Amino acid sequence: MKRYYFDFAATTPVDPKVVRAMAPYHSEIFGNPGSLHKFGQEASAAVFKARNKISKLINCDYREIIFTGSATEANNLALRGVIKRIMNNELGIKNKNAEGIIHNSQFIIPRVIVSSIEHESILKTAKDLEDMGIEVVYLPVSKEGIVDLKKLKESLNERTVLVSIMYANNEMGAIQPIAKISGIIKDFRNELRIKNNELRKNSPFTIHNSLFPLLHTDAAQAFNYLDCDVKDLGVDLMTLSSQKIYGPKGVGLLYARRIMNNELRIVNGERIIHNSPFYIHPLITGGGQEEGLRSGTENVAGIVGFAEAAELVAHSREWENKRLRNLQEYFVKKFKKIYSKFILNGPVIGKRRLPNNLNLYFSGKKDLIFKLDFAGFAVSGGSACSSRLAKPSHVLKALGCSDLKASESIRISFGRQTTKLEIDKLLAALKNIIKKQK
């Protein structure tokens, strides 16, 4: 039986051009990039070239690309790395007591803000930080899955060190207004800077480090379809994944903005010296690879493949968006004639939704994922990272769906290999299954 894949949001097949680009680095150019001899320098050059290639695609300094083992690791590095740096008091957050003696401000509880529809690697990390005593605010979303910007503004305070909002949702394709969110945070920073300058005139206390809050976005689902220029988005940290863009599994990255010289400040007459050019502290220590933020011998073949995949996506993004949007609209138009009672979870088809994503609610129709799989069609119920847990999607529940509605919803996601003929076969399979369930 021929099988059809409609779960590209979970992972993508490696592009043949990517496979060819990686091939030499498995057995021919196999040196350790940290070695000084020719074998090592060849591998090091390949990593540098890949880093430089990706940095140009997202418009940043090549030193701001930190390769990791996955997007999950990159998300952990962003959240835990910022908190660890804060708690270690390495970013100049200092206070003076009544006698004017400088001491650590560890009594100040940092606040982290995340959306309620983040990937599990963000939400579970946030929960772990809560257990450590960090305050976490979970922002609500609209019925279409868009973050409540008013609530974001209300949640920002002097203790807020990080806001993490995903660029595009993996389960129902909602695209967040990251540039607007960045603008809100920058306005808050400016207001806080003015406030702190006034307070310092009358008080020996430094209330807040005006470098914060930082903005992180998980763009693992976005890079295929959206511009990820970090300057345009205004983000300080950004996560990308190789396996979501037709590259190899086992490699991701974190864009980490470097601290600029003009951000070194005078606090209470004392110049703050940063012992690292980054806002984050490493989670994996050792040989100091990746600017000291992620030790361990680099996955050379994976990194080369990641860069090749990213370049291929950037060159085909515009026309692939149009092609997939046409297929998305075609599916919905045809399916309405088969089962008009379905409900599209998340945003309507358009600018606020990824062009490859459909999350559909079938009232009273159970076990569709298994029945479609038995018929040869791979779809999912949500995130591949938690689908085996057999519990209702936290994303759909955040949209206001009941447990029952969430359990009767499926995600269909298209990709490069998806054709109109395959969609027609999927429609026919759905028609047959729904007919039998009447």
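In this predicted model, the axes of helix 3 (residues 38-58) and helix 9 come within 9 Å and cross at roughly 30°. Angles under 35 degrees count as roughly parallel, so helix 3 and helix 9 fall into that group. Their crossing is left-handed. On the helix 3 side, the contact uses A43, A46, V47, A50, K53, I54 and L57. Helix 9 answers with V300, I303, V304, F306, A307, E308, A310, E311 and A314. Sorted by class, that contact of helix 3 with helix 9 has 13 nonpolar residues, three charged ones and no polar ones.

Helix 9 (residues 300-338) has another partner to look at, helix 13 (residues 420-437). Here the angle is about 25° and the axes lie 10 Å apart, so helix 9 and helix 13 are roughly parallel too. This crossing is right-handed. Helix 9 brings L327, Y330, F331, K334, F335 and I338 to the contact. From helix 13 come K420, I423, D424, L426, L427, L430, K431 and I434. The class count for helix 9 with helix 13 is 10 nonpolar, four charged and no polar residues.

Now for helix 4 (residues 71-87) and helix 5 (residues 120-131), which pack at about 30° with axes 9 Å apart. That angle makes helix 4 and helix 5 roughly parallel, because the cut-off is under 35 degrees. Helix 4 passes helix 5 in a right-handed crossing. T72, N75, N76, L79, R80 and I83 of helix 4 meet S121, I122, T125, A126, D128 and L129 of helix 5. What is the class make-up of the contact of helix 4 with helix 5? Five of its residues are nonpolar, five are polar and two are charged.

| Helix pair | Angle | Axis distance |
|---|---|---|
| Helix 3 and helix 9 | roughly 30° | within 9 Å |
| Helix 9 and helix 13 | about 25° | 10 Å |
| Helix 4 and helix 5 | about 30° | 9 Å |

On to the cavities. How many cavities of 30 Å³ or more are there? The count comes to four. The second largest cavity has a volume of about 60 Å³. Its lining is made up of N224, Y225, Y246, V313, S316, R317, E320 and R416. By class, the lining of this second largest cavity splits into three nonpolar, two polar and three charged residues.

Conventions
Residues are numbered from 1 along each chain as its sequence is written. This is a predicted model: local features need pLDDT of at least 70, side-chain atom pairs count only at pLDDT 80 or more; totals for chains, interfaces and linings use all residues. Side-chain values use heavy atoms; hydrogens and water are left out. On a 1 Å grid over the protein atoms alone, a cavity is a set of points where a 1.4 Å probe fits but cannot get out, and a pocket is an open set with protein on both sides within 12 Å along at least five of seven lines; lining residues have an atom within 4 Å of a point. Grid points are joined across faces, edges and corners, and a volume is the space filled by probe spheres set on the points. Ala, Val, Leu, Ile, Met, Phe, Trp, Tyr, Cys and Pro count as nonpolar, Asp, Glu, Lys and Arg as charged, and the others, Gly among them, as polar. Axes are lines fitted to C-alpha atoms, for helices over the stretch in contact, and angles run from 0 to 180 degrees between N-to-C directions. Helices (H or I, at least four residues) and strands (E, at least two) are DSSP runs, numbered from the N terminus. Angles under 35 degrees count as roughly parallel, over 145 as roughly antiparallel, 65 to 115 as roughly perpendicular and the rest as oblique. A crossing is left-handed if the near helix is turned anticlockwise from the far one by less than a right angle, and right-handed if clockwise. Contact means heavy atoms within 4.5 Å.
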